[in-house]
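This report describes selected features of a structural model.

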Amino acid sequence: MTAPGRGGAGLTPPTARPHRPGRAVPPRRRRITGRAVALSLAAAVLAVLAVAAIAPGLLATHDPLLTDVRGALKPPSSAHWFGTDQSGRDVYSRVVHGAGRSIGIGLLATGLALVVGLIAGSASAVAPRPVDAAAMRVVDVLLAFPEFLVALLVVAVLGPGPANVAVAVTIAAVPVYIRLARAQTRALAAAEHVEAARIIGIPRPLVHLRHVLPGVLGAVSVLATIGIGTSILAAAGLSFLGLGPTEPTPEWGLMLSAGRNLLLQAPWVALFPGLAITATVVSVSVVGRVLRARAEERGA
Amino acid sequence: MSDVRPPAAAERPDGGIRVSGLRIDGQSGPLVRGVDLEVRPGECVAIVGESGAGKSLTARALLGLTPRGLSTRADVLDIDGVDARDLGEPGWRRLRGARIALVSQDALVSLDPLRRVGAEVAEPVRIHEPSVRGTALRERVRATLTRVALPEPEVRARQYPHELSGGLRQRALIASALAAHPAVLVADEPTTALDATVQARVLDLLRRIADEGVAVVFISHDLAAVSRVADRVVVMHDGRVIETGDTAAVLAAPRDPQTRALVAAVSHEPLDRTARSGPPLLAASGLSKSFGERVAVDDVSLALHRGRTLAVVGESGSGKTTLARMVVGVTSPDAGTLRFDDAPWDAARAAGAARRRVQLVQQNPWGALDPRWTVGRTLAEAFASAGVPRAGRRARVAGLLDEVGLDAGFAGRRPAQLSGGQRQRVAIARALAVAPDLLVLDEPVSALDASVRARILDRLRRLQADRDLAMLFVTHDLDVVAQIADDVLVMQDGRVVESGAVRCVFTEPRHPFTQELLAAAGIAAHPGGTVEDPRDTAAHPGDTA
Amino acid sequence: MPRPRGSARRLLARLGGIAASVVLVLCGAATLAFIAFRIIPGDPVEVMLGPQAQVSDAVKAGIRSDLGLDRPLLEQYGAFLGQLVRGDLGESYQLRLPVVEVIGRQLGSTLQLTGAALAVALVLALASVLLGRGRTARTVLAGIELVVLSSPVFWTGLVLLSVFSFQLGWFPVSGARDPAAIVLPAVTLALPVAALLAQVLRDGVEAAEREPFLTTVRARGATPLRESVHHTLRHASVGGLTLAAYLVGSLLGGAVLVETVFARPGIGRVTLAAISDRDLPVITGVILFSALVFVVVNTVVDLVVPVLDPRLRRAPSAIGRRAAVPA
């Protein structure tokens with residue numbers, strides 16, 4: 001077998017990458033339409049909920065606190081779309097007024113946790129190793145537990161009450177963002193394009209600001225949209241256990257707790273608040289996942 | 001003792017594989033058109049072509065593994081005597097592994113990393129010959145591993161793929177394909193992920209397997225590998241077969257212009273530029289660097305002049321990337337000195353204006369650009385660093401894109417929308433934006449097709465001439481060295497084993513490692529100072545590379 | 001292969017490391033609880049007695065010294081740790097019983113529930129991953145799992161209770177004695193865990209199916225069943241296993257809610273009573289119990305994962321390792 005001359009035989013390809021030189025990626029049309037439908041539905045639900053949260057008066061049909069003992073435990077009808085509860089209050093209006101509390105706590109807890117997590121996580125990523133290692137140990141312990149359990153334990157220490165529930169849910173949400181912010185900061189700080197920016201002569205702090213921070217923010221924001229749902233669930237759970245707001249506040253978890261005793265006679269009292277929680281969390285999760293998928297496709 | 005060798009070729013007259021009129025259609029049109037292929041038992045036929053030519057798709061079609069959504073048709077599809085044209089999935093499953101088998105690239109990811117080597121090799125037997133169990137199965141595994149010349153087969157069978165070296169892993173992968181004695185073996189780029197010296201040995205194994213009576217279909221882009229192993233070659237381009245014939249004949253005297261371009265793209269004459277006198281722009285002496293216990297670079301010295309290119313070649317782990325990073329100033333050497341423009345040079349001194357004078361084009365085009373930024377913004381940032389006022393940046397960006405051969409419209413695109421070659425050009429453009437004196441390039445063209453590679457190297461040579469750049473070019477590909485470099489440094493295990501002008505080193509390699517590399521690359525050395533060009537002389541059947 | 005002497009030493013070192021981690025985490029949790037209770041505003045004795053209590057200061061002082069709350073902080077901490085080492089978690093303020101006994105009595109019921117729920121969750125998750133293979137099936141299942149994960153577990157419990165107990169009468173409403181009474185609570189508790197596990201496993205299987213080694217497996221003529229059982233599930237289960245601590249935590253937290261919904265005895269009842277009564281020793285006990293569970297589960301995971309994934313066998317185990325956040 002003769003050699004034809006110089007062949008292009010390599011010594012070593014740089015990585016184990018298969019020989020498939022990249023081609024420009026065209027967008028895939030089919031998947032996007034399915035995703036767009038889900039996104040529109042979710043956005044519509046969230047829009048309605050936003051109105052309910054900000055201006056419940058626009059959507060509610062009755063006063064949520066108005067009692068009517070004779071009209072108690074009526075099934076859903078044209079007068080009372082979701083029926084009435086044990087004190088004769090209109091369940092639908094109470095659900096509408098409860099939106100503000102649940103969504104509010106979800107946004108508040110997530111927002112605060114995001115800020116705290118971002119600062120703590122980025123700081124830990126650039127801190128000296130023993131500090132970073134110790135901090136991450138603590139975070140890992142907290143992270144092993146689902147948010148609800150951590151929130152429950154925090155309320156156990158602080159005591160019941162709506163303010164304490166808010167604090168507990170916030171504290172429970174923080175570790176995830178610390179972990180993610182730190183991981184992203186470390187990954188990006190070591191990324192090739194960040195090193196490239198330093199090599200062309202951009203000063204270190206500017207490189208961090210322009211190339212690392214936006215990436216971290218992007219990743220954390222995507223997680224935050226999904227995290228809002230988790231916080232809402234945790235807060236509702238604590239209220240269900242009676243550790244949050246007390247009667248007669250219209251709050252979804254609290255309404256479920258009251259509905260529990262009426263399950264035989266009036267299942268609608270528990271059904272609709274729970275449905276509202278589910279719909280909210282599903283919509284928020286869908287939006288979060290679509291954002292995440294889009295970010296991944298962009299290659300960020 | 002179970003029978004290891006398959007029946008001799010003469011006993012299986014309709015063994016092997018016959019394909020006629022193979023056609024694979026995708027959503028946007030035909031991807032493979034009218035492919036004819038015939039491989040008899042004992043033959044090895046290679047399918048060559050650039051990426052996108054349809055080689056891998058054809059290979060997959062032979063096993064019925066074309067991706068969903070593509071339709072496959074053929075006038076004749078005969079696999080070891082079985083008509084496979086209208087087989088459903090269960091029918092294909094009976095063929096796969098038992099009559100026709102596949103060997104893919106890179107055993108590290110092609111073998112299940114969570115299973116032992118022995119289990120992987122045993123799997124085809126378990127699927128197709130379930131009666132073989134226990135001791136008989138172990139014996140079959142041992143015998144198959146011996147067939148692929150894997151030393152200590154009993155020990156290896158109990159190991160996991162990541163515990164074996166690259167060459168042994170690939171042999172294990174080949175063994176797992178041969179365990180059920182298929183008549184046809186399809187090897188899709190089986191040696192591309194291996195070091196050149198290891199590659200040669202695995203190729204010899206494939207040749208031996210063909211000689212034992214298996215019909216081997218060898219798919220590759222690497223013409224030197226093909227020449228080592230294949231009897232006949234089928235050249236594909238854009239989904240069609242454009243040329244076929246005996247390997248030596250086709251590669252020595254290609255008739256089709258595409259084939260000629262393919263052969264020319266990987267056979268280059270070394271450069272012949274005038275040497276530069278005067279003090280070197282960069283001088284390194286006794287550089288050493290270790291990472292913990294591992295010695296990456298050991299006592300390396302080099303010199304670079306303006307307008308000249310020094311290539312650094314070596315296998316994986318030779319220390320070439322670490323050396324490049326020390327030259328750029330991002331890694332500090334443990335020992336030795338670096339002088340740039342007659343002043344000491346290290347990571348601390350590489351700051352401010354001095355930082356811009358030495359630039360780096362990194363290995364991986366996919367990671368080198370910020371995925372969130374447009375090309376224009378990335379290049380504008382580089383110009384900002386060079387002190388270009390905001391008003392003038394746009395024009396400069398357009399000019400630079402033109403210089404690297406990209407249309408001005410690319411400024412608005414993001415990296416995800418670019419091909420590998422385009423990204424690499426942008427990376428080169430960014431490095432040039434700050435007007436460096438020395439450009440260090442770490443494997444910049446390895447992940448690219450040969451023709452794209454040639455264009456980029458051509459442009460680099462022109463840029464070098466225009467700007468009087470000094471270049472340090474790290475590569476593993478000796479043909480790239482011939483295209484771009486004046487001098488070469490050969491590294492092995494962190495040390496320089498040979499250095500000098502490319503022409504001299506290629507014609508008179510002194511160190512055995514250099515000789516091995518040149519041999520594996522299919523470069524015939526001739527004492528007397530000239531390198532043989534296949535187009536000048538006729539092929540000599542008795543020569544070995 | 002390592003020499004026997006070396007591997008024995010390494011094993012001992014590893015066990016020592018694990019023991020050290022266990023002690024550290026428990027001490028850390030205990031210290032955190034101790035500090036937390038001491039810094040929250042309000043006198044614990046007053047909180048305990050409630051705002052309505054008409055008790056003289058002298059009696060309060062007496063209770064305070066009884067409980068040792070008037071001694072210097074460091075002395076209290078020392079006493080606290082000393083008690084812990086002996087396995088004594090103190091005495092419940094309200095029930096005047098050792099905390100260990102208070103928790104221990106109810107533990108069995110909760111363990112029954114979480115055990116049954118875990119089994120159901122595993123079966124459901126595996127069924128979802130193995131049986132839902134086509135593209136439409138996967139999309140539908142993913143949608144169902146999203147809804148299940150978004151529903152509050154106490155609501156699904158109420159719905160199931162309403163439909164299957166009240167309306168259809170298939171299961172008894174409550175009663176810890178009746179074995180059938182565990183079905184609905186266990187299923188309720190299992191659903192979100194099953195959904196999460198199915199998601200993670202399915203993502204793992206899909207990721208494994210995109211890997212090149214699966215082409216090799218298919219090229220050997222393997223059936224899809226063989227692909228899953230012998231190859232992809234193993235890869236996916238590594239991902240699922242690293243979530244084990246999170247899943248167990250989910251079960252514990254969910255148990256509190258489910259026990260409330262179905263009026264079952266268990267840790268949930270104990271915890272809730274302790275929270276509303278501000279019974280600090282019991283709450284500390286529950287916190288320590290959670291920490292213990294966390295440590296045990298993580299240790300088991302750290303020991304099992306290298307068995308599944310041989311590539312990780314050299315790497316030292318880190319008790320803090322955790323897979324990507326599930327969402």
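## Helix H8 of chain A

H8(A) comprises 37 residues and extends 50 Å from its first C-alpha to its last, close to the 54 Å expected at 1.5 Å a residue; the expected span of a helix is 1.5 Å times one less than its number of residues. Helices (H or I, at least four residues) and strands (E, at least two) are DSSP runs, numbered from the N terminus. The model is predicted: local features need pLDDT of at least 70, side-chain atom pairs count only at pLDDT 80 or more, and totals for chains, interfaces and linings use all residues. Residues are numbered from 1 along each chain as its sequence is written, while chains are lettered from A and ligands numbered from 1 in the order in which they are written.

H8(A) has a kink of about 35° at Val212(A), shortly before the proline Pro214(A); the bend at a residue is the angle between axes fitted to the seven residues ending there and the seven starting there. Of the 37 residues of H8(A), 26 are buried, so the helix is largely enclosed by the rest of the structure. A residue is buried if 20 or more other C-beta atoms lie within 10 Å of its own, exposed if 12 or fewer, and partly exposed in between, with C-beta atoms placed from the backbone.

## After H8 in chain A

Gly242(A), with a positive phi near 85°, follows H8(A).

Helix H10 of chain A (residues 268–298) contains Leu271(A). This leucine, Leu271(A), is buried, having 21 other C-beta atoms within 10 Å. Between Leu271(A) and Ser239(A) there is a C-alpha to C-alpha distance of 16 Å, at a sequence separation of 32 residues.

## Contact between chains A and C

Chain A contributes 43 residues to the contact and chain C contributes 40, where two residues are in contact if their C-beta atoms, placed from the backbone, lie within 7 Å. On the side of chain A that touches chain C, at least two residues each come from several helices, including H4 (129–143), H6 (162–189), H8 (204–240) and H10.

The residues on this side of chain A divide into 32 nonpolar, 8 polar and 3 charged. Ala, Val, Leu, Ile, Met, Phe, Trp, Tyr, Cys and Pro count as nonpolar, Asp, Glu, Lys and Arg as charged, and the others, Gly among them, as polar.

## Overall form of chain B

Chain B contains 19 helices and 21 strands. Its radius of gyration is 26 Å, close to the 24 Å that the globule rule gives for 545 residues, so chain B is as compact as a globular protein of that length. The radius is taken over C-alpha atoms, and the rule is 2.2 Å times the number of residues to the power 0.38.

The C-alpha trace of chain B spans about 75 × 50 × 50 Å along its principal axes. Of its 545 residues, 55% count as buried.

S10(B) and S11(B) run antiparallel and are joined by 6 bridges; two strands pair if DSSP finds at least two bridges between them. Val233(B) has Gly245(B) in S11(B) as its bridge partner. In this hairpin, with 2 residues between the strands, Asp238(B) adopts a positive phi near 55°. Asp238(B) counts as partly exposed, with 15 C-beta neighbours inside 10 Å.

Glu189(B), not a glycine, likewise has a positive phi, of about 50°. Glu189(B) is buried, with 22 other C-beta atoms within 10 Å, and sits in the loop between strand S8 (184–188) and helix H8 (196–211) of chain B.
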